Amino acid sequence: MANDKGRRRRFGAIRRLPSGRYQARYPGPDGVMRPAPFTFETTADADDWLAEKQTEIRRGEWRDPEAGAVSFRAYADKWVEERELAPLTQDLYRYLLDKHLTAFADLDLDEITAPRVREWRAERLRATGGKTITAKAYRLLKAVMETAVDDELIQRNPCRIKGAGKEKAAERRIATVAQVDALAEAVGMRWRLMVYLGAYGPMRPEELAGLRRRDVDVDALRIRVRLAEPERMNGRRVQGDTKSEAGTRTVILPAFLHRELRWHLESFAEPGPEGLLFVGEKGAPFRRSTFGRRWRRAREIVGMPDGFRFYDLRHTGHTLSTRSGATLKDTMVRAGQSSEKAALIYQHSDDERQEEVAAGLDATVRKARAAAAKRTGDKPSGTNLARGE
């Protein structure tokens, strides 16, 4: 290869352009000659650049400059498709790509730089007014770009903002026993057991959606949580495994729920062993939107804050169980929570101990109800549905 003066070069080639500047070209490991992305003022500058490229190739650090010319959105869509994600996680990632990562949709991977990521994050924080959804979007962006690094499409992940992917969980709200009773009353007869199981189970909404008659042993006050049926953004429910292995469990209920449970089975559950425990007024599996309207209305009637979610009933159950004498491992088993250390931490919380927890929870709730009734002169709440008993 000759330069502009006809001298042979050891690596690459340099030629003078009509503008007076110099262009450098070099052979990649695949033998294809590639020009530098810019021109040089002197041959010495071009020589230095070629030397750097030659060093990159020798060290195995060279990357095809065209490799990163891949659409971020196309690559991210494929990234989601190739992973065995839970349906709700897929929905979340699609939502984040559609609503919060649109700034990168039309860019190639190699066009996404650290300054652009910082600028995008600052704009999202201003637009959303909080860090939670922005942190989720940042984590997804960072994960996609990290895979692009592994695929050798880009050399370095541009997501390098310390702490940007961390979420600071808001303090969980808890309800009193009286408030749980009031919520159960206000949400309507068809759904009151759901409130009680959410609080004193404590079960997740997707676990409640998957309960069948055969999962319930009324006399023994046991409910077997075998699966979960989360509702996707399109309104369809998908049947799958519980959130973790610990989620598949037997929940022993406090005795005060015996009448609630029996009455619900007699009045609202679908017939047959596979009959759903909770169905809507028209006999279809309950919808999140439909129940959500009832929940918000009940919350308003009771005077609970707008931020109190149905899911916060689980925290209420945790708190009351702890107050009744349950240990951390007892409450974790009861709620079906797990971690890498969970099996060793609470594997000894057996059925006998869970019966003790349920009994303690029963005593705690009954005591709170009796105290409230004594103050108001009324009958303890939670007893009005089974007047014939």
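Modeller: Start with H6 and helix H10 (residues 288-302), which pack at an angle of about 130 degrees. Their axes lie 8 Å apart. Axes here are lines fitted to C-alpha atoms, for helices over the stretch in contact, and angles run from 0 to 180 degrees between N-to-C directions. Helices are DSSP runs of H or I with at least four residues, strands are E runs of at least two, and both are numbered from the N terminus.

Before going on, some ground rules. This is a predicted model, where local features need pLDDT of at least 70 and side-chain atom pairs count only at pLDDT 80 or more, while totals for chains, interfaces and linings use all residues. Residues are numbered from 1 along each chain as its sequence is written, and side-chain values use heavy atoms, with hydrogens and water left out.

Back to the pair. H6 and H10 are oblique to each other. The cut-offs: under 35 degrees is roughly parallel, over 145 roughly antiparallel, 65 to 115 roughly perpendicular, and the rest oblique. The crossing of H6 and H10 is right-handed.

Now the contact itself, meaning heavy atoms within 4.5 Å. H6 brings Gln-179, Ala-182, Leu-183, Ala-186 and Val-187. H10 answers with Phe-291, Arg-294, Trp-295, Ala-298, Arg-299, Ile-301 and Val-302. By class, that contact has 9 nonpolar, 1 polar and 2 charged residues. Nonpolar covers Ala, Val, Leu, Ile, Met, Phe, Trp, Tyr, Cys and Pro; charged covers Asp, Glu, Lys and Arg; the others, Gly among them, are polar.

H6 (177-187) has another partner to look at, helix H7 (192-200). H6 and H7 pack at about 150 degrees, with their axes 7 Å apart. That makes H6 roughly antiparallel to H7. This crossing is right-handed. On the H6 side the residues are Val-177, Val-180, Asp-181, Leu-183, Ala-184, Glu-185 and Val-187. On the H7 side they are Arg-192, Val-195, Tyr-196, Ala-199 and Tyr-200. The classes come to 9 nonpolar, no polar and 3 charged residues. Leu-183 and Val-187 take part in the H6 contacts with H10 and with H7.

Follow the chain out of H7. The loop between H7 and helix H8 (205-209) holds Pro-202. The peptide bond from Gly-201 to Pro-202 is cis, with omega near -20 degrees.

Look also at the loop between H5 and H6, which holds Glu-152. Glu-152 is not a glycine, yet its phi is positive, near 60 degrees. Its relative accessible area is 45%, so it counts as partly exposed. On that scale buried is under 20%, exposed is over 50%, and partly exposed is in between (1.4 Å probe, protein chains only).

Within helix H5 (residues 132-150) sits Thr-134. Thr-134 is buried, at 2% relative accessibility. Leaving aside residues up to four places away in sequence, it touches Trp-120, Arg-121, Arg-124, Leu-125 and Thr-128.

Strands S4, S5 and S6 form an open sheet of 3 strands in the order S4-S5-S6, paired antiparallel. Pairing requires at least two DSSP bridges between two strands. S4 (216-217) and S6 (249-252) are the edge strands, each pairing on one side only. S4 and S5 share 2 bridges. Strand S5 (residues 222-225) and S6 share 4.

Ile-223 of S5 links both sides: it is the bridge partner of Val-216, and its partner in S6 is Val-251. Arg-222 stands opposite Ile-252 in S6. S5 has two faces: Ile-223 and Val-225 are on the covered one, Arg-222 and Arg-224 on the uncovered one.

S4 and S5 form a hairpin, with 4 residues between them. Leu-221 lies in that loop. Its phi is positive, about 55 degrees, although it is not a glycine. Leu-221 is buried, at 10% relative accessibility.

Finally, the whole protein. Its secondary structure comes to 14 helices and 6 strands. Of its 389 residues, 42% count as buried. Among contacts with a separation of 6 or more, 63% join residues 24 or more positions apart.

Technical notes: Left-handed = near helix turned anticlockwise from the far one by under 90°.
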